[in-house]
Number of protein chains: 2
Amino acid sequence: MLVEKVMQAIRDVPDFPKPGILFKDITPIMMNPQLSEEILVALEEKYRNKGIDKIAGIESRGFLFGYPLAIRLGIPFILIRKQGKLPYNKSSLEYDLEYGTSTIEMHTDAIGAGDRVLIHDDLLATGGSAAAAAQLIKQSGGEIAGFDFLVQLDFLQGQEKLAPYSPSIQAIVNY
Amino acid sequence: MLVEKVMQAIRDVPDFPKPGILFKDITPIMMNPQLSEEILVALEEKYRNKGIDKIAGIESRGFLFGYPLAIRLGIPFILIRKQGKLPYNKSSLEYDLEYGTSTIEMHTDAIGAGDRVLIHDDLLATGGSAAAAAQLIKQSGGEIAGFDFLVQLDFLQGQEKLAPYSPSIQAIVNY
């Protein structure tokens, strides 16, 4: 079963990025091309013929599966990046972190009116950056087709923050 | 021809990230899944059966083609990340930028002794980060199978900085 394989591959790293946090390290998945291929095949099956026009990946781990999935589905991939990285005309959104704020950006020509966009990232924690990405896409006239993650940390209740944007919040592995 | 298609897709953005720089924006390639697939097919043909054990991608645009190429070649993908992002045991390398320094990191268990590693990034400019990645991999006991880029800016002579690590420096498009 894919779920078990992914769970076995993910490495728990205690006290990262700070004491008391048990970090879910997905890099062993990248070291395993067969498992990576299985994940992509599963994602392609899940999202094919679901009326998704584009995939938006959140920098930088959201690029890892987001872009190859978009290529397989034959749809455009949008880069949601941290402030100052995208060179062309762009829209920005500042959102709150636990301490301070962060800003994400997207090229304005990445979204057309009514585009149904799937937002992808590697991990759903509190949902701050995914919710910010959804707001940015909606501000540009797009619609949220759903949220997709490799890993979802249910106890942080990010799904409650995302539910107003789309009822479709999917992950391969839930903790 | 693939070269012409990629050149047509790349967008020149003047004065980014600062006045006088003509930035090569590759994000229109990500918006074009057919072209993206063609690029991956070409890279797969170029590197299949060349004795490459692993691909190392430089955060974050090096993840875009680096990881799907590794999956297609059936080999592990190593993430070379900016300081503070990788959670597990890691080695670091500080290198000089035009002003100041930057530090990249890699998980120490990503490299085995004698691994032949292809280093991939989207663009070769002065070669600072690719040379730093090569040093990091060599320090960990790996060998440099080559450098691969989407775009190479010949006039910045990054190839001269990389040549001591490997004679194989390839790009789809050279300016």
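Biologist: How many salt bridges does the rule find across the interface of chain A and chain B?
Modeller: Keep in mind that this is a predicted model. Across that interface the rule finds two salt bridges. One of the pairs found in the structure is A:Asp109 with B:Arg11, whose closest N and O atoms are 2.7 Å apart. There is also a network of salt bridges that links A:Arg11, A:Asp25 and B:Asp109.

Biologist: And how many residue pairs are in polar contact across the interface of chain A and chain B?
Modeller: The rule finds 14 such residue pairs there, both residues being at pLDDT 80 or more. On the chain A side, the elements that give two or more residues are β1 (11–14), β2 (22–25), α2 (27–30), α3 (33–47), α4 (62–73) and β4 (77–82). Of these, α4(A) gives the most, with eight residues. By class, that side has 24 nonpolar, seven polar and 11 charged residues.

Biologist: How do I read the area buried between the two chains?
Modeller: The general idea first: the size of an interface is often given as the accessible area lost when the parts come together. Here the area buried between chain A and chain B is about 3,300 Å², and carbon and sulfur atoms give 67% of it. A:Met31, A:Tyr67 and A:Pro87 supply 20% of the area that chain A buries against chain B, more than any other three residues. As for residues, the contact takes 42 from chain A and 42 from chain B.

Biologist: Let's do a helix. How far apart are the end C-alpha atoms of helix α3 of chain B?
Modeller: They are 21 Å apart, and that agrees with what you'd expect, because 15 residues (33–47) at 1.5 Å a residue should span 21 Å.

Biologist: Which residues of α3(B) are buried?
Modeller: An α-helix has 3.6 residues a turn, so residues three or four places apart point the same way. In α3(B), the buried residues are B:Pro33, B:Leu35, B:Ser36, B:Ile39, B:Leu40, B:Leu43, B:Glu44 and B:Tyr47. Have a look at the ends too: at the start, a side-chain oxygen of B:Asn32 comes within 3.2 Å of the backbone nitrogen of B:Gln34. Just after the helix, B:Asn49 takes a positive phi of about 60°.

Biologist: What does B:Glu37 form a salt bridge with?
Modeller: Its partner is B:Arg72, with 2.7 Å between the closest N and O atoms. This pair links distant parts of the chain, 35 residues apart: B:Glu37 is in helix α3 and B:Arg72 in helix α4 (residues 62–73) of chain B. B:Glu37 is partly exposed at 29% relative accessible area, and B:Arg72 counts as partly exposed at 21%.

Biologist: Is B:Glu59 buried or exposed?
Modeller: B:Glu59 is buried, because its relative accessible area is 8% and the cut-off for buried is under 20%. B:Glu59 forms a salt bridge with B:Lys85, the closest N and O atoms being 3.2 Å apart. B:Lys85 is partly exposed at 28%.

Biologist: One more, in chain A: where is A:Asp122 found?
Modeller: A:Asp122 is in strand β7 (residues 116–124) of chain A, and is buried at 4% relative accessible area. Its side chain makes a polar contact of 3.2 Å with the side chain of A:Arg61. Not counting residues up to four places away in sequence, A:Asp122 touches several residues, including A:Ile26, A:Gly62 and A:Phe149.

Definitions and conventions:
Residues numbered from 1 in each chain as written. Chains lettered and ligands numbered in written order. Predicted model: local features only at pLDDT ≥ 70, side-chain atom pairs only at ≥ 80, totals over all residues. Heavy atoms only, no water. Helix = DSSP H or I, 4+ residues; strand = E, 2+ residues; numbered from the N terminus. Expected span 1.5 Å × (residues − 1). Buried < 20%, exposed > 50% of the residue type's maximum accessible area, 1.4 Å probe, protein only. Polar contact = N/O pair within 3.5 Å; in protein donor to acceptor, adjacent residues only side chain to side chain. Contact = heavy atoms within 4.5 Å. Buried area = accessible area lost by both parts, 1.4 Å probe. Salt bridge = Lys/Arg side-chain N within 4 Å of Asp/Glu carboxyl O. Nonpolar A, V, L, I, M, F, W, Y, C, P; charged D, E, K, R; others polar.
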